[in-house]
Amino acid sequence: MISPIIATIPLPAYSKPLVILIVEDDEDDRELLQIAFNEGNYKGELVFANDGEHAWQLLKNGEVDPSLLLLDINMPRLNGMEFLERIKSSAEFKALPILMFTTSSNETMIRQAYELGANSYVVKPQNFQRLTEIWDQVYSYWTQMIQLPFRE
Amino acid sequence: MADKPLLMVVEDDPDHRFIMNWSYQKSTQLCSLLFAEDAEQALLYLDDLPTYPSLMLLDYQLPGLDGVELLKQIRRSAKWKYLPVVMFSQFPRKEIIEHAYENGANAFVTKPQDRGDFLHIWNTVFDFWNKHSQLPKATDDMRR
């Protein structure tokens, strides 16, 4: 297990707990992300949505109040690009940071995601060891180095 | 050199430009680095560069046209709207942070006063976007 950067850098003193919404249709991927999160003893909570439509309903109904969202692209019902466009066109949610987290590294797709307002684009690795490493980098960077909105 | 992604830094403080450049020189130099001293110069560069940048680091407080105004112009432009923009400020109040994200900032970083912290943060920001995040690459229609 890798040693997370959070061991040496204290989290900012936010009163609102960190919630990361992960929109991922693959059950195995959801489980692996939760295992990587648990193994690293990270602060905060992961909430999962099975597709874009599910995530949209959770947000609209106020069932989840995330500070960060990880988004797969290929999903049934509402796919990642459609969800991204909906979120970034919404006055209510447009400031929510969205990290594309997908196996595709297609350059046209990367550019399109940024044009639609994605905050970052990270390629999801296929092997678990690499997943834990990427997760550590993503988590540490976005929760330690970056000032997220909607946190008090 | 031509194939390296271009990182544009818009920073009016000469000391901070110096530290960033110093840090860049010590790094593996995965990208090319270009400084603009204010928003107006950044806009001139954007119009004139032979290759479009892949990332912009943008100071929130700038003389003349401020950082968010430059960000709004970038997001309104069909040509530039793809450009990831990391904003930074020494005064990260909640309102400022939300204002930046609402207007299309990709991320917001606090600019520290201390030189050592500045170097650490700069390296971390630099590493994340270069090594772990996919940046948009200049396609043929983006080269002139």
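Is A:Asn41 buried or exposed, and how many other C-beta atoms lie within 10 Å? A:Asn41 is exposed, because 10 other C-beta atoms lie within 10 Å; a residue is termed buried if 20 or more other C-beta atoms lie within 10 Å of its own, exposed if 12 or fewer, and partly exposed in between, with C-beta atoms placed from the backbone. The legends below describe a predicted model, in which local features need pLDDT of at least 70, side-chain atom pairs count only at pLDDT 80 or more, and totals for chains, interfaces and linings use all residues. Residues are numbered from 1 along each chain as its sequence is written, while chains are lettered from A and ligands numbered from 1 in the order in which they are written.

View 1. A:Asn41 lies in the loop between α1 (27-39) and β2 (45-49) of chain A; helices (H or I, at least four residues) and strands (E, at least two) are DSSP runs, numbered from the N terminus. Most residues other than glycine have a negative phi. A:Arg77 counts as partly exposed, because it has 13 C-beta neighbours inside 10 Å.

**View 2. Strand β3 of chain A and its partner strands.** Strand β1 (residues 19-23) of chain A pairs with β3(A) in the parallel sense over four bridges; two strands are said to pair if DSSP finds at least two bridges between them. Within this pairing, A:Ile20 has A:Leu68 as its bridge partner. β3(A) also pairs in the parallel sense with strand β4 (residues 98-102) of chain A, over three bridges, and here A:Leu69 stands opposite A:Ile98. In a regular strand the side chains alternate between the two faces of the sheet. Both faces of β3(A) are covered, with A:Leu68 and A:Leu70 buried on one side and A:Leu69 and A:Leu71 buried on the other.

**View 3. The open sheet of chain B.** Five strands of chain B are arranged in the order β2-β1-β3-β4-β5, with parallel pairing. β2 (32-36) and β5 (107-110) of chain B stand at the edges and have a single partner strand each, so one side of each is left without a neighbour in the sheet. From one strand to the next, the twist averages 20°. Four bridges join β1 (residues 6-10) to β3 (residues 55-59) of chain B, and B:Met8 has B:Met56 as its bridge partner.

**View 4. Loop residue B:Gln113.** B:Gln113 is placed in the loop between β5 and α5 of chain B. This residue is exposed, because 8 other C-beta atoms lie within 10 Å. The C-alpha atoms of B:Gln113 and B:His16 are separated by 9.7 Å, although the two residues are 97 residues apart along the chain.

**View 5. Packing of α5(A) against α5(B).** Helix α5 (residues 128-145) of chain A packs against helix α5 (residues 115-132) of chain B at an angle of about 140°, with the axes 11 Å apart. The two helices are therefore oblique; angles under 35 degrees count as roughly parallel, over 145 as roughly antiparallel, 65 to 115 as roughly perpendicular and the rest as oblique. Axes are lines fitted to C-alpha atoms, for helices over the stretch in contact, and angles run from 0 to 180 degrees between N-to-C directions. Residues in the contact include A:Tyr141 of α5(A) and B:Phe128 of α5(B); contact requires C-beta atoms, placed from the backbone, to lie within 7 Å.

How values were computed: Contact = placed C-beta atoms within 7 Å.
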